[in-house]
Amino acid sequence: MTANGRFQAWPWHAGTALAALAVLAPILALVGQAGQGSGAHWGHLLQFVLPGVLAQTLGLLIGVGLLAAALGVGAAWLVTAYDFPGRRALSWALLLPLAVPTYIVAYAYLDILHPLGPVQEAVRALLGYSSPREFRLPDLRSLPGAIVLLAFVLYPYVYLTTRSMFASQAAHLMEAARLLGHGPWSAFLRVALPLARPAIAVGLCLVLLETLNDIGASEFLGVQTLTVAIYTTWVTRSDLAGAAQIALVSLALVTLLIAVERRGRRRLRYTGNRRAAPIRRHVLHGPAACLATLLGLAPVLIGFAAPAAYLLALVLERLGTGQGPSPALLRAVGQTLTVSALATLFALAIGLVVAWSRRILPRVHAWQGALPRLATLGYAVPGTVLAIGLLFPLMAIERGLSALRAATGMDPAGLVLLGTPAALALAYVIRFLTIPVGTLEAGLDRIPPSLDQAARLLGENVHGMLRRVHLPLLRPALAASALLIFVDAMKELPATLLLRPLNFDTLATWLYAEAARGTYEEGAIAALCIVVAGLLPVILLARLMDRPTA
Amino acid sequence: MSIRLRALPLVRRLSMLAAALPLMAGTAWAAEVNLYTTREPKLVEPLLEAFTQDTGVKVNTVFVKDGLLERVRAEGEQSPADLLMTVDIGNLLDLVDGGVTQPVDSAALKAAIPANLRGDDDQWFTLSLRDRVAYVAKDLDIQTFHYEDLADPRWKGKVCIRSGQHPYNTALIAALIAHDGAEAAEQWLRGVKANLARPATGGDRDVARDILGGICDVGIANAYYAGHMKNAAEGTDARRWGDAIRVIRPTFKNAPGTHVNISGAAVARHAPHRAEAVQLLEYLVTDKAQSLYARANYEYPVKKGVALDPTVESFGPLAIDPLPLTEIARNRKQASELVDRTGLNQ
């Protein structure tokens, strides 16, 4: 890069450094908290807690990871490489589980599969038993139950990232593999799958972090994860310092894993140098076509349709008795959409800065390459822990703002960030920044560097190059990450509970409040609202995905 | 292209909203009071509505599940919090020990709340009592129950309980430690674990539900959930669960009373509306409010002489375990560690 180029690039790098600082601030605050602890609880943890908790956490991660990867990659390949009845509808319907938070699915399935629920009732009627005391199916509240449930809700992260990779990359290489005598399966295993590895890694990473940091569903199903242990230490034993220590150890492990994965494909380049052609689909007929439809339908039914239909039935039942959504619930809908949209806009913009700065970075110093990595740490910490950490820098800013108001003769009282949804939006941005950074980096990686060189030769600077060359090519990736951030922000619960201002509810907190009272039935309306609000961006994204890339 | 055209007004609308956010927060009322609560606000909403109606003071609420202490402490002098409301004595004392409360010297509070149910430094006040009872299957022929019985091998595979780390359970275990000793409490936890019909998870209402579902026969839960369920509308799931169980008030083998936890409140140290906070606190122990606690939420009023809900009355007389609440709070860390040690949740 020329000296001139380096000069142009500095705003991007500065932006990245600022983003990294914002993400680091709560984590550094946690380090400060952890340092105030004695470490006396580690003996107890090592002897009585961690062996069981680590075994359950690993079991959960491995189980969910394998199943979600199989579902996501399998589904992506199915709708990309084959043609069968319902393929077009399935290609977007497979995204639908994204719209449902894991904790809602857990509640719904516990109802559906409970001895008192419709499934077991039907089984008992079929087998001639009259009471659940005589015959019951195994309880959902178990590690295997949690694995299956989380995998069927979280696989769309893998599906989404992998499908766009298959669609835009694999075509001509698959042709070549076929010409060289490989069958569809062999071509899939030897060409498409290795090619899709970065995409699978990005999706799987999101799945595993969601699983690790999940508190609602796994706790509800009786699985003791590391996150549950962090909670117990903090909430039950009032030991924030101890909890911060465990959270930081967990964060270190996660960071290490991500680094190992990245190192594993460090030397590999995944850019094609040809314009992507759509893959030629293998048309299925007869039983094979039927089977393909069923295979594609199963994840949608289990991960979305069954719990959504159940919620809908509950809501209809309530509406039948004349109880509609209250004005407060409608206000919660508006507040949810507003704060999620704000967070999406900011996270997308910042994510673009970070991803672009990495693209144009002259690789001189290792630490410069580390900055974009730092900016994505927020997802690797449980939501509440991040929120607690965020309290400290937020209050530092509040004190600064208050002093500023006092100096300018304004009323210094009150909280500007924590007193408004601003703190919430900021927390979402920090927490979910890894989504735009990850997807936009993956998207940029697919744009051959020769385009950059061509653009430079034609006189574009780094800003113009982004605007006129890369941004149009990034449209699908931008849409995908916008969707994921929006839906994730809307579903976010633990940080929202801690950082929201007075009289402010999102749909997730509303639902949580209903669940806290133990009135899940009344929460059904809020749950359905979350699902419906989540559906809109999913459908929008599906349409964008189907559009041929620019 | 069409998308971009549609997106522009949206962006503009959003930025207008963003500009309006600080205004939303600063809505001015003649008098208001800010309530931070770890209790789900809907549970106290009837009380707050009555308060606003009677006094004209508006109540703003935020329901903070975990981290109330951390939040108020971080907010420091800037904190808008006036009244802090929690369930569980441990959580309430954490606020006092964390230095985010202030004393209130009020004759009305002292008259209404027995001395052992408020801090002797006037920093915290009990507003309602919640007894932790046994739910047993309706057709089971047992009349008395000791908490210790839950570990009896007789109930192998028949016991349902929520997470051992939930404050309601750690408080009970803390009381058990005080009455029977730590070693006996540990043995008890091992016995309960051996008796579990399903993982120790879910909520208190799940105990009733799983009893109806044939998964278990006995369980430990708070009494007011039974009140809610037994009074739910005919035909609802909750009503069916509630009707499937009977409530027995257990006692300890070594103590004559039933374990009781509290819901309570304290005035925030930097309360900007201290007078209104005290006013609300005093309102919550009036006969009217206490009777609302009893009737709307099936809790036990802290004030003597306030009528109980008939359903709660039908559970029989409540003899409260005389163990001081502060001792329960002191033992709960050990209780939580015993839960880990015995692997109750695993």
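Is V96(B) buried, partly exposed or exposed? V96(B) is partly exposed, because 19 other C-beta atoms lie within 10 Å. The cut-offs are these: a residue with 20 or more other C-beta atoms within 10 Å of its own is buried, one with 12 or fewer is exposed, and anything in between is partly exposed, with C-beta atoms placed from the backbone.

This is a predicted model, in which local features need pLDDT of at least 70 and side-chain atom pairs count only at pLDDT 80 or more, while totals for chains, interfaces and linings use all residues. Residues are numbered from 1 along each chain as its sequence is written, and chains are lettered from A and ligands numbered from 1 in the order in which they are written.

**Stop 1: V96(B)**

Stay on V96(B) and show helix α4 of chain B, residues 89-97, in which V96(B) lies. Helices here are DSSP runs of H or I with at least four residues, strands are runs of E with at least two, and both are numbered from the N terminus. Leaving out residues up to four places away in sequence, V96(B) touches T101(B), G119(B), Q123(B), W124(B) and A266(B). Touching, or contact, means that the C-beta atoms of two residues, placed from the backbone, lie within 7 Å.

**Stop 2: strands of chain B**

Select residues 32-37 of chain B, which form strand β1; six of its six residues are buried. E32(B), N34(B) and Y36(B) are on one face, V33(B), L35(B) and T37(B) on the other. β1(B) pairs with β2(B) in the parallel sense over six bridges, where pairing requires that DSSP finds at least two bridges between the strands. At T37(B), the bridge partner in β2(B) is F63(B).

Next select residues 218-222 of chain B, strand β7, where five of five residues are buried. One side carries V218(B), I220(B) and N222(B), and the other carries G219(B) and A221(B). What are the partners of β7(B)? Strand β5 (residues 125-137) of chain B pairs with β7(B) in the antiparallel sense over five bridges, and R132(B) stands opposite N222(B). Strand β6 (residues 159-160) of chain B pairs with β7(B) in the parallel sense over two bridges, with V159(B) bridged to V218(B).

**Stop 3: where the chains meet**

Show both chains. The contact takes 52 residues from chain B and 53 residues from chain A. On chain B, the elements that each supply at least two residues include α1 (2-25), α2 (41-55), β2 (58-63) and α14 (325-342). α1(B) gives the largest share, six residues. By class, the side of chain B that touches chain A has 18 nonpolar, 18 polar and 16 charged residues. Ala, Val, Leu, Ile, Met, Phe, Trp, Tyr, Cys and Pro count as nonpolar, Asp, Glu, Lys and Arg as charged, and the others, Gly among them, as polar.

**Stop 4: V223(A) and α11(A)**

Move to V223(A), in the loop between α10 (216-220) and α11 (226-236) of chain A. V223(A) is buried, because 27 other C-beta atoms lie within 10 Å. Its contacts, not counting residues up to four places away in sequence, are Q56(A), L60(A), L143(A), A146(A) and S218(A). V53(A) is 170 residues away in sequence but 8.7 Å away in space, C-alpha to C-alpha.

Now select α11(A): eleven of its eleven residues are buried, among them Y231(A) and W234(A). Just after this helix, S238(A) takes a positive phi of about 50°.

**Stop 5: helices around α17(A)**

Select helix α14 (residues 327-359) and helix α17 (residues 422-432) of chain A, which pack at an angle of about 45° with their axes 9 Å apart. That angle makes α14(A) oblique to α17(A). Among the α14(A) residues that meet α17(A) are L342(A) and F346(A), and the α17(A) side includes Y428(A) and F432(A). By class, this contact has eleven nonpolar, no polar and no charged residues.

Axes are lines fitted to C-alpha atoms, for helices over the stretch in contact, and angles run from 0 to 180 degrees between N-to-C directions. Angles under 35 degrees count as roughly parallel, over 145 as roughly antiparallel, 65 to 115 as roughly perpendicular and the rest as oblique. G383(A), L386(A), A387(A), L390(A) and L394(A) in α16(A) meet A423(A), A427(A), I430(A) and R431(A) in α17(A).
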